Amino acid sequence: MHQTSAPVHYDRLTIALHWLTALDVIFLFASYQVWSRLEKGTPLRHDLQSLHISFGLLLALLMVVRIVWRISKGRRLPPASPSRAAHVGAKSVHGLLYLLLIAQVVLGFLFRWAQGEPFAFFGFGDLSDLVYIESSLRKLLGSLHYYNAWLIIVLAGGHAVVALLHHYALRDGTLKRMIPKLK
């Protein structure tokens, strides 16, 4: 009897969505860290805020595509680790990351609508009039958006550390599953 081995890598779209999301989140976090230290009203601060909004909208799109892909066609791989606890832990972290990212997108939209300022994707189309949010909620929404961002960074950082631990200490191929296959 010929036994087929399980796929070693995720499919290309799953890998691309993973790394695009990671790069987007890093940019979003870094752009805020830079502009928050700049004087209000400066062109660089304004440009970073505009880019942040555009990349936030891109994150919303990435999350929709990721969820649709995961539900419909995304390749499921068997657990990399034989440990059930490790598998449950990994699934829990991934699920929590998805929830936090979706919450971050929603909070970002609500915060921007509460600000009542332009809300466009790389300068195209203004979404600011799409929904009205009471401006008195601006501070609360801004705080929730800020603290949720830190939760995402801490959890994603832990996710990266564990992936490196799997690669360098456990040498079990977990990290290689999310690296594009080179020909």
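**Figure 1. Overall chain of the predicted model.** The structure shown is a predicted model. Its chain contains four helices and two strands, and the order along the sequence is α-α-α-β-β-α. The C-alpha trace extends over about 65 × 30 × 30 Å along its principal axes. Of the 183 residues in the chain, 31% are buried. When contacts between residues at least 6 apart in sequence are taken, 74% of them join residues at least 24 apart.

Figure 2. The unreviewed UniProt entry places the feature "transmembrane region" at residues 12-32, 52-72, 93-114 and 147-170. Two of these spans are shown here. Residues 12-32 are 100% helix and 0% strand, and their end C-alpha atoms lie 30 Å apart. Residues 52-72 are likewise 100% helix and 0% strand, with 30 Å between the end C-alpha atoms.

Figure 3. Ala60 belongs to helix 2, which covers residues 43-72. Ala60 counts as buried because its relative accessibility is 16%, and the cut-off for buried is under 20%. Apart from neighbours within four places in sequence, Ala60 is in contact with Val105 and Phe109. Ser72 is twelve residues from Ala60 along the chain, and the C-alpha atoms of the two are separated by 18 Å.

Figure 4. Leu100 is part of helix 3 (residues 84-115). With a relative accessible area of 12%, Leu100 is buried. Residues up to four places away in sequence being left out, Leu100 touches Asn148, Leu151, Ile152 and Leu155. One of these, Ile152, is 52 residues from Leu100 along the chain, yet the C-alpha atoms of the pair are separated by 6.4 Å.

**Figure 5. His145 and the backbone of Gly108.** His145 is located in helix 4, residues 138-170. The relative accessibility of His145 is 16%, so this residue counts as buried. A polar atom of the His145 side chain lies 3.4 Å from the backbone nitrogen of Gly108. Gly108 is also one of the contacts of His145 beyond four places in sequence, together with His52, Gln104 and Leu107.

**Figure 6. Salt bridge between Arg112 and Glu117.** Side chains of opposite charge can pair when their charged atoms come close. The whole structure holds one salt bridge. The partners are Glu117 and Arg112, with 3.6 Å between the closest N and O atoms. Glu117 is partly exposed, at a relative accessible area of 37%, whereas Arg112 counts as buried at 15% relative accessibility.

Figure 7. Leu51, Phe121, Phe122 and Phe124 make a nonpolar surface patch of about 390 Å². Phe121 lies in strand 1, residues 120-121, and counts as partly exposed at 33% relative accessibility. Phe122 sits in the loop between strand 1 and strand 2 (124-126). Phe122 is also partly exposed, with a relative accessibility of 37%.

**Figure 8. Positive phi at Phe122 and Arg171.** Most residues other than glycine have a negative phi. Phe122 is not a glycine, but its phi is positive, at about 50°. Arg171, also not a glycine, has a positive phi of about 50°. Arg171 is located in the segment after helix 4. The relative accessibility of Arg171 is 67%, so Arg171 counts as exposed; the cut-off for exposed is over 50%.

Definitions and conventions
Residues are numbered from 1 along each chain as its sequence is written. This is a predicted model: local features need pLDDT of at least 70, side-chain atom pairs count only at pLDDT 80 or more; totals for chains, interfaces and linings use all residues. Side-chain values use heavy atoms; hydrogens and water are left out. UniProt positions are given in the numbering used here, feature names are shortened, and annotations may be inferred rather than shown by experiment. Buried means under 20% relative accessible area, exposed over 50%, partly exposed in between (1.4 Å probe, protein chains only). A polar contact is a pair of N or O atoms within 3.5 Å; within protein, one must be able to donate a hydrogen and the other to accept it, and residues adjacent in sequence count only if both atoms are side-chain atoms. Contact means heavy atoms within 4.5 Å. Patches are made of residues with over 30% relative accessible area and no salt bridge: like charges are joined within 9 Å, nonpolar side chains (Val, Leu, Ile, Met, Phe, Trp, Tyr) within 5 Å. Accessible areas come from the Shrake-Rupley method with a 1.4 Å probe; for residues, only the protein chains shown count as cover. A salt bridge is a side-chain nitrogen of Lys or Arg within 4 Å of a carboxyl oxygen of Asp or Glu.
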